[in-house]
Every structure is written in C-alpha cells, then in structure tokens.
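Welcome, and please have your viewer ready.

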Amino acid sequence: MLNQKLQLKQQQKLSPQQIQLMKLLQLPVIALEQRIKEEIEENPVLEDASDIGTTDDYDENETSSKQDEFDESGEYESNDSDVDNEFSLEDYLSDDDDDIPAYKLYANNTSKDDERREIPIASRKSFLDFLQEQMLMLDIDDEQYIIAEYIIGNLNESGYLNRELTFLSDDLITTEGIDVSASEIEKVLFKIQTLDPPGVGARNLQECLLIQLRRLPQDEDVVNATAIIEKCIDEFTKKHYNKILSKLKITEEQLKEAERVILKLNPKPGNSMSETAKTVGYIIPDFFVNIVDGEPVLSLASQNIPDLKIKNSYRNMLREYNTSSEESKKEAAAYIKQKIESGKTFIDLINQRQKTLTNTMQTIIELQYDFFVTGDEVKLKPMVLKDVADKIEMNISTVSRVVNSKYVRTPYGTFLLKHFFSESMENDSGEEVSTREIKAIMQECVDNEDKTKPLTDDELMEKLNDKGYPIARRTVAKYRQQLNIPVARLRKQI
C-alpha cells in the first residue's frame, strides 16, 4: 500500500568545488602541472602570467594563482568584488593577442643566426633486436630460422622460455604452417642458448646457471659449482650446506669457493639488456626542507606551476557585448562570463591546495622536529593522520589526500610523506616509541650479527627485550618481513 509521509534528515553533500579541490589535493606536483595545462587548453580565458611579453600586459594587483590571500583560519579570501558585481574585471590582464608579429605566425620564421635547440633522443636496442641480430650468425636453414624467431618471441623479460615445447609445436603448425616435433624445436633452442647474454633461452633457473657455468674455464671451483647446481640445487637455495658437503664429499673451503662462482652468475640474463632500455625514473619532490641557522625551513615545489591569470582581452569583450543589443553578442557575453567564473574558481582552488599542502607539511615538521633537525630516524616519533588533522583542524581524509604519493626533499634524502607516520608502542619506561624506531634497532642487530650464525626471531626478540622494547616473537617476525629480512637460515654464510 502506497502512502506519503514527511521525513526530516541531515545529509552532507560536497559541492562541485569541494570535489574538485579534493582531486587537486591528491595530485603530486608533476600531475598538477599537467592538470593546469589541460585547464588552460580547455578554458580560453586562462593564461600563464609568465608568458606575458611586455610590462604593459601586467598589473601587480590583478588576480592570480599566487597572489590571493588567506585569512587566519586558512580559508581562502578572494580579492574580488562583485561586477555585475561579481567580478572585478579591471583587475585582469590586458589583451596581448594583437601584439604577436605576423612573421611569427609562419612556419619558416627562423634565420641562419637563430640557435637551434633539439631534444636528443636516445637510441636503444631492445632485447629482442639484440637476439635477432645474433641469429644471423647461426648455422641454421630458413625453416629453423623461423622456429628460432618464434622461440625468441616467446621468451619472457628474464630471458626464460616458460612454454612447453609441445605447445610451441602446435602453434607453429597453426601460425606458420610448419610441422615440427618438440625434439626438433629443442635442437633449435640449444642453438639459441649459445647466444649472448649467457643463459638466455633456459627453461628454468637450473638450466640457466648450467649454461653459464659450461662457458667458464673448467677449473676445480667451476666443476664443483656445476655439481652443486646439477645435484644439490634445492639444498643450495635453502642453504643446507651440511647436506651438500655430505652428498658431494667436498670440503667446506671447496664449497665456499664454488659458492663464490655461483653468486657471480646472472639468474635473469634477459634483465641485463632490458634494464638498459628502461627509462630512468626521477622523483620530483613536492616539498623542500632546508636547515637554515639550525631550523628547518619549508618551501613548496611551485617553480614550474603556471601563475594563472584571466586574459584582459575577455574583459574588453565582455564590456562590449554587455552593452550590445544584438542577441548573438548577449549569448557570447554569457559564455565569456561563465568561462571567467570557471577560471576564477580554478585559480581559487589552486591557492587553497597550496595553502593546505603548506599547513600540512609544516605540521609534520613540527611534530617530527627532532628528525628534521638531526636526520636521525630513531628520533621519529609516533604519528598518525589524526594527529596532523587535529592540529590543522581538517578532516583526516583531507590529510590522507595530501600525504598520498607526495615526496619531500631534505638534507638527509628524499622521503615519501608516509615515511613520517608510524604507530606507537610503550617501552619498559612507559614512554611511547615509534615502531619505526624498533625496526631501526632490529635492522641494526641484523647488520651486526655473526653471518655464520645469524640471529633467529627468538634471539632478536630477546635482544629487543634487553634494550627495553617488550615485543612478542610474532611481532618480530612481522617487522622482519616488513624490512625484507630473510629468515636466519637464508642469511647464513659459510
């Protein structure tokens, strides 16, 4: 049965501007630069103030993304009064569209005296190209060449062939029309295994290491290393050295020399080429912290962020069209006004983003003052998102967006902002200490341990307890995994 009733409830909804601000907050500086460029392309009234060519185009009092002010609470205060009265169009830039010389609109506008600057493009050879070049030197017929090319195309990034030869045989019949058995494919595979880098074309780690060992001068150490890989690879990977000594009847010194040979081998030969073809990634920090007179000083990475302004040419157009009685010009005036409103909102949001980032990072510096002064990670205090959010009087989700994927460069290195957040534990004195401090001490214990008799989790627990950190063995195991420290057996060296 349908009925009508009144219901009173509270509901929180974000405005479009708030949603846009949240998206801008979580962008790192590189993504922000791209986002601003996109906005400039989409909104014709926006321009980068640094592109202004003459001093007549610039007014120091105009609205820009780096000149608006904030009140004491951190809220944005716009300097604009209403025009209509919603916009103070007199504050915007003058039109510079008509100042472009005609010769600059042509493609061939350079002379022999102009300096040509071209971006050098690195020429890199792929792993596949490197192998195909070597294939030309193999003693194989046309059909075997097609098979070899197909095998190389199925190698993974590490240079291994992970597919069964019978599957390759089926594929070759379907795709190339070549009826060939798995044993014939294996003969071609053995020829590929003679190519560089040594170990390429192997079907597993054991075969990869053996290919490399067979290319070395066959002295005693290499012969012992080959025997270890052929007969005791499981024991070797698990560091069960006593079983290897008993099985192969060799001395401990011989095992140690054979291990040195094995450790020099490349378990992923394909990576030796693919690594050189990878583009090196550089971290662009969002914040810079320098020590000036013993105090940390914060600066925001904004040197490449455009200083947005509204083009003054649209002010003149809006004035002209507002006074016109033509219907088409009235519509144009409404469009221009809407774009100006959108542009001003975007400028306001950029300013709010910069202010929020500055407040958040400044608070992190205050809470982790000892670290930023000394660089000693042991002095990092327990800190969670709520601690920062309470101090700057913002929501935890806002702080989370600021912290996410952003870096700060300090005199002691470049860190993710998340690096400064950690949970707390109580030591024997009842003081709260950071879990990062406990991990640092654990790492120190492992670094200084006797490598022939590494510390077990129980022994690490006892050492930490002796230092005043009462934690359980399972917690030690958890922290050890987070630090990527193997278990004691795998850390053992002979």
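Where does lysine 453 lie? Lysine 453 belongs to the loop that runs between helix H19 (435-447) and helix H20 (457-466). Please keep in mind that this is a predicted model. With a relative accessibility of 62%, lysine 453 is above the 50% cut-off and therefore counts as exposed. Although lysine 453 and glutamine 493 are 40 residues apart along the chain, their C-alpha atoms are separated by 7.9 Å.

Another loop position is worth a visit. Alanine 472 sits in the loop between H20 and helix H21 (473-482). Its relative accessibility is 29%, so alanine 472 counts as partly exposed. In sequence alanine 472 is 11 residues from methionine 461, and the C-alpha to C-alpha distance of this pair is 6.7 Å.

**The chain as a whole**

The protein chain has 22 helices and 10 strands. Of its 494 residues, 38% are buried. Among the contacts in the chain with a separation of 6 or more, 65% join residues 24 or more positions apart.

**Two helix pairs**

Two packed helices are described by the angle between their axes and the distance between the axes. Here are both pairs side by side.

| H9 (residues 220-231) and H12 (residues 252-263) | roughly 80° | within 8 Å | 8 nonpolar, 2 polar, 3 charged |

How are H9 and H12 oriented to each other, roughly parallel or roughly perpendicular? Their axes cross at roughly 80°, and angles of 65 to 115 degrees count as roughly perpendicular, so H9 and H12 are roughly perpendicular to each other. On the H9 side the contact is made by Glu220, Asp221, Val222, Asn224, Ala225, Ile228 and Ile229, which meet Gln254, Leu255, Glu257, Ala258, Val261 and Ile262 in H12.

**Into the cores**

In soluble globular proteins, nonpolar side chains tend to be buried together. Which members of the largest nonpolar core touch the most other members? Among its 46 residues, they are Met361, Ile364, Phe372, Val408 and Phe420. Helix H15 (residues 327-367) is the biggest contributor to this core, giving 11 residues.

Apart from neighbours within four places in sequence, phenylalanine 372 is in contact with Val289, Ile291, Pro296, Met361, Ile364, Ile365, Thr410, Tyr412 and Phe420.

The last stop is glutamine 354, which lies in helix H15. Is glutamine 354 buried or exposed? Its relative accessible area is 14%, and because buried means under 20%, glutamine 354 is buried. Beyond its neighbours within four places in sequence, glutamine 354 is in contact with Leu32, Leu300, Ser302 and Ile305.

Methods:
Residues numbered from 1 in each chain as written. Predicted model: local features only at pLDDT ≥ 70, side-chain atom pairs only at ≥ 80, totals over all residues. Heavy atoms only, no water. Axes fitted to C-alpha atoms, helices over the stretch in contact; angles between N-to-C directions. Helix = DSSP H or I, 4+ residues; strand = E, 2+ residues; numbered from the N terminus. Parallel < 35°, antiparallel > 145°, perpendicular 65-115°, else oblique. Contact = heavy atoms within 4.5 Å. Nonpolar A, V, L, I, M, F, W, Y, C, P; charged D, E, K, R; others polar. Core = buried A, V, L, I, M, F, W, Y, C linked by side-chain atoms within 4.5 Å. Buried < 20%, exposed > 50% of the residue type's maximum accessible area, 1.4 Å probe, protein only.
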